[in-house]
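Hello,

Here is the structure I promised to pass on. My notes on it follow below.

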Amino acid sequence: MAEAGAHLTSTAANEQPSIFEVLAQESLMEAVRPALRHAVKVLAESSPSRFGFLWRRFDELHLLLDLVLQNHFLSSCSASFAENFYGLKRVSGGRGLPVRGRRRWRSLLLLCLAPYLRAKLEATLARQRDEEDFSIRLAQTGSQRLYRAAVAAYPYVSSAWRAWVFCQQLLFVFGVAGTHNPLLWMARVRLARLNAQDIRDMELKSSRTGNPAEGSLVQRAWWLVSQAARGTAVSLSTSLSLGVFFLQFLEWWYSSDNQSAVKSLTSLPAPPPPLHLRQERSEPDSPSARSEGARPPAADSRDCPLCRGLRANATALSTSGFVFCYRCIYTYVKANRRCPVTGYPTEPQHLIKIYSPES
(Lines give C-alpha, C1' and ligand atoms only; values in the text may rest on other atoms or scores of the structure.)
Protein backbone atom coordinates (compact mmCIF):
# COMPACT_ATOMS: atom_id res chain seq x y z
CA MET A 1 0.00 0.00 0.00
CA ALA A 2 2.01 2.91 -1.30
CA GLU A 3 -0.58 5.43 -0.13
CA ALA A 4 -0.37 4.07 3.43
CA GLY A 5 3.40 4.49 3.59
CA ALA A 6 3.74 7.75 1.66
CA HIS A 7 3.85 9.82 4.85
CA LEU A 8 6.68 7.79 6.43
CA THR A 9 9.28 10.04 4.86
CA SER A 10 8.18 12.79 7.23
CA THR A 11 10.47 13.42 10.15
CA ALA A 12 7.75 14.86 12.36
CA ALA A 13 7.52 13.11 15.70
CA ASN A 14 3.95 14.14 16.32
CA GLU A 15 1.32 11.61 15.28
CA GLN A 16 -1.39 14.24 14.82
CA PRO A 17 -1.98 14.95 11.12
CA SER A 18 -2.06 18.43 9.68
CA ILE A 19 -5.23 20.24 8.65
CA PHE A 20 -4.28 19.74 5.00
CA GLU A 21 -4.22 15.95 5.38
CA VAL A 22 -7.59 15.72 7.09
CA LEU A 23 -9.26 18.07 4.61
CA ALA A 24 -7.75 16.16 1.69
CA GLN A 25 -9.22 12.85 2.86
CA GLU A 26 -12.63 14.51 3.30
CA SER A 27 -12.55 15.98 -0.21
CA LEU A 28 -11.79 12.53 -1.64
CA MET A 29 -15.06 11.01 -0.41
CA GLU A 30 -16.98 14.15 -1.37
CA ALA A 31 -15.73 13.69 -4.96
CA VAL A 32 -16.63 9.98 -5.12
CA ARG A 33 -20.40 10.35 -4.66
CA PRO A 34 -21.05 12.91 -7.47
CA ALA A 35 -18.89 10.89 -9.87
CA LEU A 36 -20.77 7.67 -9.13
CA ARG A 37 -24.08 9.51 -9.37
CA HIS A 38 -23.20 10.87 -12.80
CA ALA A 39 -22.13 7.41 -14.01
CA VAL A 40 -25.44 5.92 -12.85
CA LYS A 41 -27.35 8.78 -14.51
CA VAL A 42 -25.62 8.11 -17.83
CA LEU A 43 -26.54 4.41 -17.58
CA ALA A 44 -30.16 5.22 -16.69
CA GLU A 45 -30.53 7.64 -19.61
CA SER A 46 -28.94 5.19 -22.05
CA SER A 47 -31.30 2.35 -21.04
CA PRO A 48 -34.11 3.43 -18.68
CA SER A 49 -35.79 0.01 -18.64
CA ARG A 50 -32.59 -1.80 -17.66
CA PHE A 51 -30.76 0.67 -15.43
CA GLY A 52 -33.55 2.99 -14.34
CA PHE A 53 -33.85 1.33 -10.93
CA LEU A 54 -30.19 2.18 -10.22
CA TRP A 55 -30.99 5.87 -10.59
CA ARG A 56 -34.20 5.68 -8.56
CA ARG A 57 -32.47 3.80 -5.70
CA PHE A 58 -29.04 5.39 -5.99
CA ASP A 59 -28.98 6.72 -2.42
CA GLU A 60 -29.84 3.34 -0.92
CA LEU A 61 -27.38 1.43 -3.12
CA HIS A 62 -24.63 3.93 -2.34
CA LEU A 63 -25.38 3.55 1.38
CA LEU A 64 -25.10 -0.25 1.11
CA LEU A 65 -21.77 -0.11 -0.75
CA ASP A 66 -20.48 2.54 1.65
CA LEU A 67 -21.37 0.36 4.65
CA VAL A 68 -19.51 -2.62 3.17
CA LEU A 69 -16.47 -0.54 2.25
CA GLN A 70 -16.16 1.42 5.48
CA ASN A 71 -16.82 -1.61 7.69
CA HIS A 72 -13.98 -3.48 5.99
CA PHE A 73 -11.49 -0.65 6.49
CA LEU A 74 -12.59 0.06 10.06
CA SER A 75 -12.20 -3.59 11.04
CA SER A 76 -8.90 -4.20 9.23
CA CYS A 77 -7.20 -0.77 9.24
CA SER A 78 -9.00 1.14 12.04
CA ALA A 79 -9.77 3.89 9.52
CA SER A 80 -12.20 4.80 6.78
CA PHE A 81 -11.27 4.30 3.13
CA ALA A 82 -10.26 7.94 2.60
CA GLU A 83 -8.36 8.10 5.90
CA ASN A 84 -6.41 4.94 5.05
CA PHE A 85 -5.73 6.27 1.55
CA TYR A 86 -3.97 9.29 3.06
CA GLY A 87 -2.09 7.24 5.67
CA LEU A 88 -4.31 8.03 8.67
CA LYS A 89 -5.96 5.90 11.33
CA ARG A 90 -8.62 6.31 14.01
CA VAL A 91 -7.52 5.96 17.62
CA SER A 92 -9.38 6.24 20.92
CA GLY A 93 -8.06 7.44 24.25
CA GLY A 94 -4.84 9.23 25.09
CA ARG A 95 -2.74 6.10 24.48
CA GLY A 96 -3.77 5.82 20.84
CA LEU A 97 -5.55 2.46 20.99
CA PRO A 98 -7.19 1.11 17.81
CA VAL A 99 -10.92 1.69 17.41
CA ARG A 100 -12.89 -1.37 18.53
CA GLY A 101 -16.30 -2.30 19.92
CA ARG A 102 -18.88 0.41 20.32
CA ARG A 103 -16.63 3.15 19.03
CA ARG A 104 -16.09 1.26 15.76
CA TRP A 105 -19.84 0.80 15.26
CA ARG A 106 -20.43 4.42 16.20
CA SER A 107 -17.81 5.49 13.67
CA LEU A 108 -19.41 3.29 10.99
CA LEU A 109 -22.88 4.75 11.53
CA LEU A 110 -21.64 8.34 11.53
CA LEU A 111 -19.49 7.73 8.43
CA CYS A 112 -22.33 6.25 6.37
CA LEU A 113 -25.66 7.43 7.78
CA ALA A 114 -24.81 11.12 8.21
CA PRO A 115 -24.08 11.73 4.46
CA TYR A 116 -27.10 9.59 3.49
CA LEU A 117 -29.52 11.52 5.71
CA ARG A 118 -28.10 14.85 4.58
CA ALA A 119 -28.53 13.89 0.90
CA LYS A 120 -32.14 12.78 1.50
CA LEU A 121 -32.95 15.99 3.39
CA GLU A 122 -31.48 18.17 0.66
CA ALA A 123 -33.39 16.24 -2.02
CA THR A 124 -36.62 16.62 -0.03
CA LEU A 125 -35.96 20.34 0.40
CA ALA A 126 -35.37 20.80 -3.33
CA ARG A 127 -38.53 18.83 -4.19
CA GLN A 128 -40.55 20.90 -1.72
CA ARG A 129 -39.34 24.14 -3.30
CA ASP A 130 -40.21 22.88 -6.78
CA GLU A 131 -43.70 21.85 -5.73
CA GLU A 132 -44.28 25.27 -4.21
CA ASP A 133 -43.23 26.93 -7.46
CA PHE A 134 -45.07 24.65 -9.91
CA SER A 135 -48.23 23.54 -8.08
CA ILE A 136 -51.38 25.07 -6.68
CA ARG A 137 -51.28 25.49 -2.90
CA LEU A 138 -54.22 23.70 -1.26
CA ALA A 139 -55.46 23.51 2.33
CA GLN A 140 -52.95 21.70 4.57
CA THR A 141 -53.31 19.45 7.57
CA GLY A 142 -51.41 19.87 10.82
CA SER A 143 -48.84 17.21 9.92
CA GLN A 144 -48.22 18.85 6.55
CA ARG A 145 -47.66 22.24 8.19
CA LEU A 146 -45.25 20.63 10.66
CA TYR A 147 -43.41 18.99 7.79
CA ARG A 148 -43.16 22.28 5.89
CA ALA A 149 -41.87 24.01 9.03
CA ALA A 150 -39.16 21.35 9.46
CA VAL A 151 -38.14 21.70 5.81
CA ALA A 152 -38.04 25.50 6.17
CA ALA A 153 -35.83 25.21 9.29
CA TYR A 154 -33.30 22.89 7.63
CA PRO A 155 -31.22 25.68 5.95
CA TYR A 156 -30.69 27.33 9.34
CA VAL A 157 -29.73 24.02 10.93
CA SER A 158 -27.33 23.37 8.05
CA SER A 159 -25.75 26.81 8.46
CA ALA A 160 -25.31 26.23 12.21
CA TRP A 161 -23.67 22.88 11.48
CA ARG A 162 -21.24 24.43 9.00
CA ALA A 163 -20.35 27.12 11.54
CA TRP A 164 -19.67 24.40 14.13
CA VAL A 165 -17.41 22.54 11.67
CA PHE A 166 -15.51 25.74 10.86
CA CYS A 167 -14.95 26.54 14.56
CA GLN A 168 -13.84 22.96 15.20
CA GLN A 169 -11.31 23.19 12.38
CA LEU A 170 -9.95 26.47 13.76
CA LEU A 171 -9.53 24.89 17.20
CA PHE A 172 -7.80 21.92 15.58
CA VAL A 173 -5.38 24.19 13.70
CA PHE A 174 -4.37 25.99 16.92
CA GLY A 175 -4.01 22.72 18.83
CA VAL A 176 -6.92 23.35 21.19
CA ALA A 177 -9.10 20.47 19.88
CA GLY A 178 -7.96 16.96 19.07
CA THR A 179 -10.41 16.50 16.19
CA HIS A 180 -11.26 18.66 13.21
CA ASN A 181 -14.82 17.39 12.71
CA PRO A 182 -17.75 17.16 15.16
CA LEU A 183 -18.55 13.67 13.84
CA LEU A 184 -15.20 12.41 15.13
CA TRP A 185 -15.93 14.05 18.47
CA MET A 186 -19.31 12.29 18.59
CA ALA A 187 -17.62 8.97 17.83
CA ARG A 188 -15.09 9.63 20.64
CA VAL A 189 -12.12 9.06 18.32
CA ARG A 190 -9.35 11.15 16.77
CA LEU A 191 -7.10 10.85 13.74
CA ALA A 192 -3.42 9.95 13.84
CA ARG A 193 -0.75 9.09 11.29
CA LEU A 194 0.02 5.48 10.43
CA ASN A 195 3.47 4.21 11.30
CA ALA A 196 5.52 1.25 10.10
CA GLN A 197 4.30 -0.95 12.96
CA ASP A 198 0.66 -0.30 12.01
CA ILE A 199 1.33 -1.42 8.43
CA ARG A 200 3.04 -4.61 9.63
CA ASP A 201 0.12 -5.35 11.96
CA MET A 202 -2.38 -4.92 9.10
CA GLU A 203 -0.42 -7.25 6.83
CA LEU A 204 -0.13 -9.83 9.61
CA LYS A 205 -3.85 -9.61 10.36
CA SER A 206 -4.80 -10.14 6.71
CA SER A 207 -2.47 -13.17 6.45
CA ARG A 208 -4.06 -14.86 9.48
CA THR A 209 -7.53 -15.03 7.95
CA GLY A 210 -8.33 -18.70 7.34
CA ASN A 211 -11.21 -21.02 6.53
CA PRO A 212 -12.88 -22.54 9.64
CA ALA A 213 -13.19 -26.00 8.11
CA GLU A 214 -13.85 -27.66 11.46
CA GLY A 215 -16.33 -25.09 12.75
CA SER A 216 -20.07 -25.33 12.86
CA LEU A 217 -22.36 -24.65 9.92
CA VAL A 218 -23.22 -21.20 11.27
CA GLN A 219 -19.53 -20.31 11.64
CA ARG A 220 -18.73 -21.43 8.11
CA ALA A 221 -21.74 -19.53 6.72
CA TRP A 222 -20.65 -16.40 8.60
CA TRP A 223 -17.10 -16.84 7.30
CA LEU A 224 -18.38 -17.07 3.72
CA VAL A 225 -20.48 -13.92 4.16
CA SER A 226 -17.56 -12.04 5.71
CA GLN A 227 -15.23 -13.16 2.92
CA ALA A 228 -17.73 -12.06 0.28
CA ALA A 229 -18.07 -8.67 1.97
CA ARG A 230 -14.29 -8.41 2.28
CA GLY A 231 -13.83 -9.25 -1.42
CA THR A 232 -16.41 -6.64 -2.38
CA ALA A 233 -14.73 -4.04 -0.18
CA VAL A 234 -11.28 -4.85 -1.57
CA SER A 235 -12.61 -4.58 -5.13
CA LEU A 236 -14.25 -1.25 -4.38
CA SER A 237 -11.16 0.12 -2.67
CA THR A 238 -8.91 -1.02 -5.52
CA SER A 239 -11.21 0.53 -8.12
CA LEU A 240 -11.43 3.79 -6.19
CA SER A 241 -7.68 3.88 -5.62
CA LEU A 242 -7.02 3.44 -9.32
CA GLY A 243 -9.71 5.92 -10.32
CA VAL A 244 -8.99 8.68 -7.79
CA PHE A 245 -7.29 10.87 -10.39
CA PHE A 246 -10.11 10.20 -12.84
CA LEU A 247 -12.60 11.29 -10.15
CA GLN A 248 -10.67 14.51 -9.65
CA PHE A 249 -10.85 15.07 -13.41
CA LEU A 250 -14.63 14.52 -13.34
CA GLU A 251 -14.95 16.96 -10.46
CA TRP A 252 -13.11 19.60 -12.53
CA TRP A 253 -15.04 18.70 -15.72
CA TYR A 254 -18.44 19.21 -14.10
CA SER A 255 -17.48 22.21 -12.00
CA SER A 256 -19.47 25.42 -12.39
CA ASP A 257 -16.47 27.22 -13.89
CA ASN A 258 -16.25 24.71 -16.73
CA GLN A 259 -19.94 24.39 -17.63
CA SER A 260 -19.77 26.61 -20.74
CA ALA A 261 -17.03 24.45 -22.27
CA VAL A 262 -18.89 21.25 -21.35
CA LYS A 263 -22.13 22.44 -22.97
CA SER A 264 -20.35 23.36 -26.20
CA LEU A 265 -18.74 19.90 -26.40
CA THR A 266 -21.65 17.76 -25.21
CA SER A 267 -24.64 19.55 -26.80
CA LEU A 268 -27.01 17.01 -28.36
CA PRO A 269 -29.42 17.42 -31.31
CA ALA A 270 -33.14 17.67 -30.69
CA PRO A 271 -34.79 14.27 -30.11
CA PRO A 272 -36.86 12.84 -32.99
CA PRO A 273 -40.68 12.87 -32.83
CA PRO A 274 -42.52 9.77 -31.53
CA LEU A 275 -42.70 6.78 -33.85
CA HIS A 276 -46.49 6.95 -34.33
CA LEU A 277 -46.24 10.59 -35.49
CA ARG A 278 -43.58 9.73 -38.06
CA GLN A 279 -45.77 6.87 -39.36
CA GLU A 280 -48.78 9.17 -39.67
CA ARG A 281 -46.76 11.68 -41.66
CA SER A 282 -45.38 9.01 -43.96
CA GLU A 283 -48.87 7.49 -44.64
CA PRO A 284 -51.44 10.04 -46.01
CA ASP A 285 -55.14 9.38 -45.43
CA SER A 286 -56.31 8.94 -49.02
CA PRO A 287 -54.91 8.01 -52.49
CA SER A 288 -55.59 11.52 -53.71
CA ALA A 289 -53.69 12.98 -50.83
CA ARG A 290 -50.86 10.52 -51.50
CA SER A 291 -50.72 11.53 -55.15
CA GLU A 292 -50.79 15.24 -54.31
CA GLY A 293 -48.20 14.87 -51.56
CA ALA A 294 -50.54 16.41 -48.93
CA ARG A 295 -49.42 16.66 -45.33
CA PRO A 296 -51.52 15.62 -42.30
CA PRO A 297 -53.62 18.29 -40.59
CA ALA A 298 -51.70 20.70 -38.43
CA ALA A 299 -53.92 19.77 -35.47
CA ASP A 300 -52.19 16.38 -35.24
CA SER A 301 -48.93 18.04 -34.20
CA ARG A 302 -50.77 19.76 -31.35
CA ASP A 303 -52.00 16.56 -29.72
CA CYS A 304 -50.79 15.60 -26.26
CA PRO A 305 -48.93 12.23 -26.27
CA LEU A 306 -50.65 11.28 -22.99
CA CYS A 307 -54.35 12.12 -23.47
CA ARG A 308 -54.22 12.08 -27.32
CA GLY A 309 -56.29 15.24 -27.33
CA LEU A 310 -55.57 18.83 -28.28
CA ARG A 311 -52.98 20.22 -25.88
CA ALA A 312 -54.25 22.58 -23.19
CA ASN A 313 -51.71 24.86 -21.50
CA ALA A 314 -48.81 23.39 -23.50
CA THR A 315 -45.81 22.41 -21.38
CA ALA A 316 -42.49 20.96 -22.57
CA LEU A 317 -40.07 18.64 -20.80
CA SER A 318 -36.51 19.97 -20.88
CA THR A 319 -35.13 16.42 -20.51
CA SER A 320 -36.69 15.09 -23.73
CA GLY A 321 -38.20 18.05 -25.64
CA PHE A 322 -41.73 16.59 -25.96
CA VAL A 323 -44.77 18.80 -25.34
CA PHE A 324 -47.86 17.79 -23.29
CA CYS A 325 -50.83 19.24 -21.52
CA TYR A 326 -49.71 20.75 -18.22
CA ARG A 327 -52.19 18.77 -16.14
CA CYS A 328 -51.30 15.49 -17.87
CA ILE A 329 -47.52 15.81 -17.65
CA TYR A 330 -47.44 17.30 -14.14
CA THR A 331 -49.53 14.43 -12.75
CA TYR A 332 -47.47 11.83 -14.59
CA VAL A 333 -44.04 13.24 -13.66
CA LYS A 334 -44.98 13.71 -10.02
CA ALA A 335 -46.04 10.05 -9.82
CA ASN A 336 -43.39 8.38 -12.02
CA ARG A 337 -40.40 10.79 -12.09
CA ARG A 338 -39.67 10.10 -15.78
CA CYS A 339 -40.66 11.18 -19.28
CA PRO A 340 -43.63 9.11 -20.54
CA VAL A 341 -42.22 8.96 -24.10
CA THR A 342 -38.46 8.45 -23.66
CA GLY A 343 -38.29 7.21 -20.06
CA TYR A 344 -35.60 9.78 -19.16
CA PRO A 345 -35.42 10.61 -15.41
CA THR A 346 -37.47 13.78 -14.93
CA GLU A 347 -38.48 16.05 -12.05
CA PRO A 348 -41.23 18.72 -11.83
CA GLN A 349 -38.66 21.50 -12.24
CA HIS A 350 -38.01 20.23 -15.78
CA LEU A 351 -41.48 21.41 -16.90
CA ILE A 352 -41.32 24.49 -19.15
CA LYS A 353 -44.37 26.57 -20.02
CA ILE A 354 -44.73 27.30 -23.75
CA TYR A 355 -46.17 30.69 -24.73
CA SER A 356 -47.65 30.62 -28.24
CA PRO A 357 -48.50 33.74 -30.31
CA GLU A 358 -52.22 32.88 -30.06
CA SER A 359 -52.11 33.11 -26.25
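Predicted model: local features only at pLDDT ≥ 70, side-chain atom pairs only at ≥ 80, totals over all residues.

Aromatic pairs

The structure holds six aromatic pairs. One of them joins F81 and F85, whose ring centres are 6.2 Å apart with 40° between the planes, a tilted arrangement. F81 and F85 both belong to helix 5 (residues 81-85) and, being four residues apart, are separated by about one helical turn. An α-helix has 3.6 residues a turn, so residues three or four places apart point the same way. F81 is buried at 3% relative accessible area, and F85 is buried at 16%.

Y326 and Y330 make a stacked pair, because their planes meet at 20° and their centres lie 5.6 Å apart. Here too the spacing is four residues, or about one helical turn, this time in helix 15 (residues 326-336). Y330 is buried, with a relative accessible area of 12%, whereas Y326 counts as partly exposed at 25%.

Cysteines

How many disulfides does the structure hold? The count is zero. For C328, the closest cysteine sulfur is that of C307, at 3.9 Å, which is too far for a bond because a disulfide needs the two sulfur atoms within 2.5 Å. C328 is partly exposed, with 23% relative accessibility. C112, by contrast, is buried, at 2% relative accessible area.

The cavity

Helix 4 gives the most, with four residues. By type, the lining divides into four nonpolar residues, one polar and three charged. The space inside is about 30 Å³, and the structure holds one cavity of 30 Å³ or more.

Helix 2

Helix 2 covers residues 19-46, which makes 28 residues. From its first C-alpha to its last, helix 2 reaches 42 Å, close to the 40 Å expected at 1.5 Å a residue.

Regards

Notes
Residues numbered from 1 in each chain as written. Heavy atoms only, no water. Helix = DSSP H or I, 4+ residues; strand = E, 2+ residues; numbered from the N terminus. Expected span 1.5 Å × (residues − 1). 1 Å grid on protein atoms, 1.4 Å probe; cavity = no way out; pocket = protein on both sides within 12 Å on 5 of 7 lines; lining within 4 Å. Points joined across faces, edges and corners; volume = space filled by probe spheres on them. Nonpolar A, V, L, I, M, F, W, Y, C, P; charged D, E, K, R; others polar. Buried < 20%, exposed > 50% of the residue type's maximum accessible area, 1.4 Å probe, protein only. Phe/Tyr/Trp six-rings, centres within 6.5 Å; stacked < 30°, edge-to-face > 60°.
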